[in-house]
Amino acid sequence: MIKHISVTTTQRIECINILDQLQRLVEEIKLKDGILLVYVPHTTCAITINEGCDPTVFQDILFKLTDVFPVDDTYVHPEGNSDAHLKAALMGNQRFMFVHDGQIVKGTWESIFLLEFDGPRTRRIFVHYIRTREKE
Amino acid sequence: MIKHISVTTTQRIECINILDQLQRLVEEIKLKDGILLVYVPHTTCAITINEGCDPTVFQDILFKLTDVFPVDDTYVHPEGNSDAHLKAALMGNQRFMFVHDGQIVKGTWESIFLLEFDGPRTRRIFVHYIRTREKE
Amino acid sequence: MIKHISVTTTQRIECINILDQLQRLVEEIKLKDGILLVYVPHTTCAITINEGCDPTVFQDILFKLTDVFPVDDTYVHPEGNSDAHLKAALMGNQRFMFVHDGQIVKGTWESIFLLEFDGPRTRRIFVHYIRTREKE
């Protein structure tokens, strides 16, 4: 069954670490071994996996994205958030992660994030999963 | 079994909504609950999920992508479509979607698109799927 | 069970074709029909699928990425590799591929690559898989 988590952002552009919420969900659904699929259904948000230890990494990522794809440009879309749609499409609205022995598998520095490009808002994130066999 | 759908584009750069074709496929294969995996095997195309209601959103996305990554540059590849390969790689050649109760799950404004960056062409899109249990 | 392959890079920015290693893994685990999930747990690397026949395509892709997102910029992160984190996040750290009749399914020109943006290093790539039924 599809599950979901919620995230509330406080700025227009923001990066929220959702790893702990996902790990709690893995425990709640008792997913021991399998694939976790994470999907944001909002068109000005993205899901990404990158460095989760030093917040200056995402500070730099969001600065440079906005430098190359600024808010104001010769856009046609009347809502004034075309830059947010483009940034969201470039980063992607979904990621999968592996689960082993009840734990989300990740690299040393990795974490998984909601990227908000047109906040502040409260956003839902859909999570689905596939159970795999441990021994094969 | 791997299924496929076909899309014909009429311009060099174009955005084609494939949601209805995928929903018909879901009904044809009687996928009630599961994961749909959508994959374009052409290296100058992408699959993306974003705003499907107002076409000015993709007009702006494609304008700005071409502004930042123009067709003509100091490229080495002799076919003259390196910009298309780069745009395709940045947007990604694949997306998954969830299916619940026979319907593709999506946000209010969301749709799924083939992005053509080196058309016009007829393109195949591969679709695979995983059935999950409804009650868990 | 989660498998892995290893790749050693020799330059800061480099593109390594990993298709043959993945195909050997498919044979080793006797995956006849299913989904292969490929995930790099390093935050300055990406996994991408694009043209694998003419190496000038990735030469152009990596040139233009570095032109738009240069190494030196007004970055805050003290390690000096913020450009690598951004490039990795834009390209994505994961891809799925379909397997049919024991073979990885791909387009004529396609291949799958590790993109290294902060090498040279030895990198691990995690691979998971889902077996599907051939006849359905």
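Author: Start with one strand pair. Two strands pair if DSSP finds at least two bridges between them. Here, E1(A) and strand E8 (residues 122-131) of chain A are antiparallel partners, joined over six bridges. This is a predicted model; local features need pLDDT of at least 70, side-chain atom pairs count only at pLDDT 80 or more, and totals for chains, interfaces and linings use all residues. Residues are numbered from 1 along each chain as its sequence is written, while chains are lettered from A and ligands numbered from 1 in the order in which they are written.

Reader: Which residue of E8(A) is the bridge partner of Ser6(A)?

Author: Arg124(A).

Reader: What is the strand order in the open sheet of chain A?

Author: The order is E1-E8-E3-E5-E6 (chain A), five strands with antiparallel pairing. Look at the ends next. Strand E1 (3-8) and strand E6 (103-104) of chain A are the edge strands, each pairing on one side only.

Reader: How are the elements named, and how many helices and strands are in chain A?

Author: Helices (H or I, at least four residues) and strands (E, at least two) are DSSP runs, numbered from the N terminus. Chain A has three helices and eight strands. Read from the N terminus, the elements go β-β-α-β-β-α-α-β-β-β-β. The C-alpha trace of chain A spans about 55 × 30 × 25 Å along its principal axes.

Reader: How far can I trust the coordinates?

Author: Check pLDDT, the predictor's confidence in each residue, from 0 to 100. Where pLDDT is low, the predicted coordinates should not be read in detail. In chain A the mean pLDDT is 96, and 98% of residues reach 70 or more.

Author: A residue is buried if 20 or more other C-beta atoms lie within 10 Å of its own, exposed if 12 or fewer, and partly exposed in between; C-beta atoms are placed from the backbone. Of the 136 residues in chain A, 54% are buried. Contacts tell another part of the story. Two residues are in contact if their C-beta atoms, placed from the backbone, lie within 7 Å. Among the contacts in chain A with a separation of 6 or more, 83% join residues 24 or more positions apart.

Reader: How do I read the two sides of a helix?

Author: An α-helix has 3.6 residues a turn, so residues three or four places apart point the same way. Now take helix H1 (residues 19-28) of chain B. Its buried residues are Leu22(B), Leu25(B) and Val26(B). They line one face of H1(B), because they fall within an arc of 105 degrees seen down the helix axis. The arc is that of the directions from the helix axis to the C-beta atoms. On the other side of H1(B), Asp20(B), Arg24(B), Glu27(B) and Glu28(B) are exposed.

Reader: What do the buried residues of H1(B) pack against?

Author: Strands of chain B, including strand E3 (34-39), strand E7 (110-116) and strand E8 (122-131). After H1(B) comes Lys30(B), with a positive phi near 55 degrees.

Reader: Where do chains B and A touch?

Author: The contact takes 29 residues from chain B and 25 residues from chain A. On the chain B side, the elements that give two or more residues are strand E4 (45-51), helix H2 (56-68), helix H3 (82-91) and strand E5 (94-100). H2(B) gives the most, with seven residues. By class, that side has twelve nonpolar, eight polar and nine charged residues. Ala, Val, Leu, Ile, Met, Phe, Trp, Tyr, Cys and Pro count as nonpolar, Asp, Glu, Lys and Arg as charged, and the others, Gly among them, as polar.

Reader: How many residues are in contact between chains A and C?

Author: 29 residues of chain A are in contact with 25 residues of chain C. H2(A) supplies the largest share of the chain A side, seven residues.

Reader: How are the copies related?

Reader: Why do the copies meet through different surfaces?

Author: Only 14% of the interface residues of chain A are also interface residues in chain C, so the copies meet through different surfaces.
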